[in-house]
Amino acid sequence: MLKCQPTGYMENSISYSAIEDVQLLSWENAPKYCLQLTIPGGTVLLQAANSYLRDQWFHSLQWKKKIYKYKKVLSNPSRWEVVLKEIRTLVDMALTSPLQDDSIHQAPLEIVSKLLSENNNLTTQDHESIIVAIAPLLENNHPPPDLCEFFCKHCRERPRSMVVIEVFTPVVQRILKHNMDFGKCPRLRLFTQEYILSLNELNAGMEVVKKFIHSMHGPTGQCPHPRVLPNLVAVCLAAIYSCYEEFINSRDNSPSLKEIRNGCQQQCDRKPNLPLRLLHTSPDLVSQEATLTESRLKPVIVTSNEIHVEVERNNTANQKMTAGVGNDSEPNLIDCLMVSPTCSTMSIELSAQADRILGCYVEILKMLSDYDDWRPALASLLQPIPFPKEALAHEKFTKELKYVIQRFAEDPRQEVHSCLLSVRAGKDGWFQLYSPGGVACDDDGELFASMVHILMGSCYKTKKFLLSLAENKLGPCMLLALRGNQTMVEILCLMLEYNIIDNNDTQLQIISTLESTDVGKRMYEQLCERQRELKELQRKGGPTRLTLPSKSTDADLARLLSSGSFGNLENLSLAFTNVTSACAEHLIKLPSLKQLNLWSTQFGDAGLRLLSEHLTMLQVLNLCETPVTDAGLLALSSMKSLCSLNMNSTKLSADTYEDLKAKLPNLKEVDVRYTEAW
C-alpha cells in the first residue's frame, strides 16, 4: 500500500494494484521532481526532494505495479506456452531493473516457486523450460526453499539431463562458496546433496564428482573460498546420516547400548512392540556352550528388519561386564560397540539406494582428505566423531573411512594427526576406534602402529600417553612388538624407561617380548646402556652449578653430561649457546635441577613441552629471546614450582600470560617485556 502523509495532497492510502500508470512530469513549467500516478477516478502527484529520490520512487512503483501484474497472471495459468513467455519477460524485467535490492531478484523466484508448487501436472519438458528461463536469476541468488524442492525432484527424476550440468552447477557452486549456515535453509543442503548424487549417476560416475570437487577447490594449492570445505562436509554428514535414518529412528524403544553391552535387561522388562528385540540365551544353551573347548557363550542377537547385530563374548569379557552391571553411568560410545575386545561384529544391510549414497559421500570425504590445505580443517571437523553409532558399527562404512584416518595419521602436522585423539577427556576418538579391539579395526594393527608412531613424535604428554597405552592397549602393543614392529618395540622400551609398568611379572613379559626379535633385543640393550649411564649421571656428586661455553651444541651438552656424575646439579646455564629442543631429552635426566637458563638459544616449543612433563620441580626458567610460542608456553602451567620466569622477547600473547599467572601460584618474578603481554 502506498500512503502519503496528510499534508494536503491526499489522506487515504492507495494500493499498488490500483495504480494504472506512473509517469515522470516532463512538460515545461511542470512542478519539479514530481511523479504522476493514474488511478481510477483521477491522478495523484507525488513530489520528491530531488531527482535521485524521484527516480527511485518511479522505478520502485513501476516494479511493484509489474510484480502485481505477474502474480495475477501466473496465479491462474491456462496455456503453458504463454506462462513460459511471461516468466521470461519477468526475468528480463528483474535483470534490467536499475534498483539495487535483493528482493528484485528474489520476488520473481518466489513467484515461479509458488507456480511450480501449485501445479504438479507439468511435463518434464515444461520443467526444464522453466529452469532454463529462470537460470539468469540464479547466478547471484540462492533459490527459495520451494524451488530447491523442485530442483531436488528434477535431480532425482532426470539425473542425466543437461539442465543438471549446465544450469545447476553454477547454482551449487555459489551455494558452497557463500552459504554460511545450512541450518537456516536445510533445503539448500538437500539440493546440493541431490545434485552431487545426480553427477554420480552419469556415465563417468565418481570421476565427474571428483572434477566438481576439484573445481570447488581451485587449481592452486590453497582454496580461496573458506566456506567450501565446511559446506561440503555438512552435506556429506547429512547424506551419511540419512543412510542410517531408519535404524536411528528405531532407537526410542530399542535396547540401549548399555543394555546390549551388559546383556542384563530381561525381555519382560522391555516395552511391548519393540522395533529392536534383545534375545538372551537360555540357561540350557549356556551350560551346553560352557562345555566347549573355546568356552564361549551363545551369541546375543539384536534384530530389526534390516539390521543384525551378532556379538560373541568370552568368559573374561562376560565377567567384566557382570561386575559393571551396577554402574548406572552412561557407557562410552566406543565401549558400547566394543562388547568384546577380541570379537565384535555388526553387519547392517542397507537398501541399494542408501548403499549408493553412502559409497558416494564416503568417497567425497576421501577426496577432501587428499587436499593438503583442507586436511587440517577436515580433521578438526571430524574429530568429535560426528557420525551416528549405527554408521560406526557398519563394517563397510568404517572400512571405507579408514582411508581418511590413514591420511590423518600420515600427516606430519600436529594440528592434523592430533585430531585422531578424543576431543576431550572421557570421550573416545578415532585412535580408539581403529585400535586393535576397536569396532573399526580390520587389520593386524598396522594403522594402530602408524597412529602411535605419529602421535608419539609430537605428543608432549608422553608419559600420560604411554600410561593410557599400558592401561588399554598393552596386549596389542606386545603382539605387534613380537611380530617385529619397530614402533611398538620403541613403545615397550619407553614404558620400561619411564617406569610406566609397576607389575614385576608384566615387566618381565615385556622384556621377554623384546628379546624375542632382533630389533627388540638391540633396542633393549640400548635401553640397558642408557639406564646405566642414567644411574651414573644421577649419582650424587659433581658440581651444583654449570655454565656451557657459548656456541656449544646439543652434542657438546650430551658429551659433557655423559662424562661423570651430575646428581647435585641445581643451576645450569646454556645461555648464548646453539642448543635446540633436542637437548631436552638430556635435561630431563637431571634430578636436582632447579634453575635453567636458555637465554638466546634455539630451544623451542617441543623441548619446552618435554621439560614441563618431567622437570616439575624447576623453580627458575629463562626463555629470553628464544623461539618459543604460546603452543609451548601453555605447557608450563604444569610446573607448579616455578617462581621466576623470563619470557622477554618471545612470542607470548596476552591470553597465554593471563593463563599462566592463574595456573602458577608460586610465580613471583615475571619478565614479559617486548611481548604482546607487555
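Modeller: Let us begin with burial: a residue is buried under 20% relative accessible area, exposed over 50% and partly exposed in between, with a 1.4 Å probe and protein chains only. This is a predicted model, in which local features need pLDDT of at least 70 and side-chain atom pairs count only at pLDDT 80 or more, while totals for chains, interfaces and linings use all residues. Residues are numbered from 1 along each chain as its sequence is written, and side-chain values use heavy atoms, with hydrogens and water left out. Helices (H or I, at least four residues) and strands (E, at least two) are DSSP runs, numbered from the N terminus. The protein chain has 31 helices and 13 strands, and 47% of its 678 residues are buried.

Colleague: Which residues of helix α16 are buried?

Modeller: In α16, residues 375-382, they are Arg375, Pro376, Leu378, Ala379 and Leu382.

Colleague: Why are the buried residues of α16 said to line one face of the helix?

Modeller: The arc is taken from the directions from the helix axis to the C-beta atoms. Viewed down the axis of α16, the buried residues fall within an arc of 165°, so they line one face. Among the elements covering them are α9 (228-243), α15 (352-369) and α18 (395-410); covering implies contact, meaning heavy atoms within 4.5 Å.

Colleague: Why is glutamate 194 counted as buried?

Modeller: Its relative accessibility is 12%, so glutamate 194 counts as buried. Glutamate 194 lies in helix α7 (residues 186-200) and, leaving aside residues up to four places away in sequence, touches Cys152, Cys155, Arg156 and Tyr361.

Colleague: What makes α18 and α21 roughly parallel?

Modeller: Axes are lines fitted to C-alpha atoms, for helices over the stretch in contact, and angles run from 0 to 180 degrees between N-to-C directions. Angles under 35 degrees count as roughly parallel, over 145 as roughly antiparallel, 65 to 115 as roughly perpendicular and the rest as oblique. α18 and helix α21 (residues 446-458) pack at about 30°, with axes 9 Å apart; the pair is therefore roughly parallel. Their contact is made by Lys402, Ile405, Gln406 and Ala409 of α18 and Leu447, Ser450, Met451 and Ile454 of α21.

Colleague: Why are α8 and α15 called oblique?

Modeller: The axes of helix α8 (residues 206-217) and α15 cross at roughly 40° and come within 11 Å, and the two helices are therefore oblique to each other. Met206, Val209, Lys210 and Ile213 of α8 meet Cys360, Glu363, Ile364, Met367 and Leu368 of α15.
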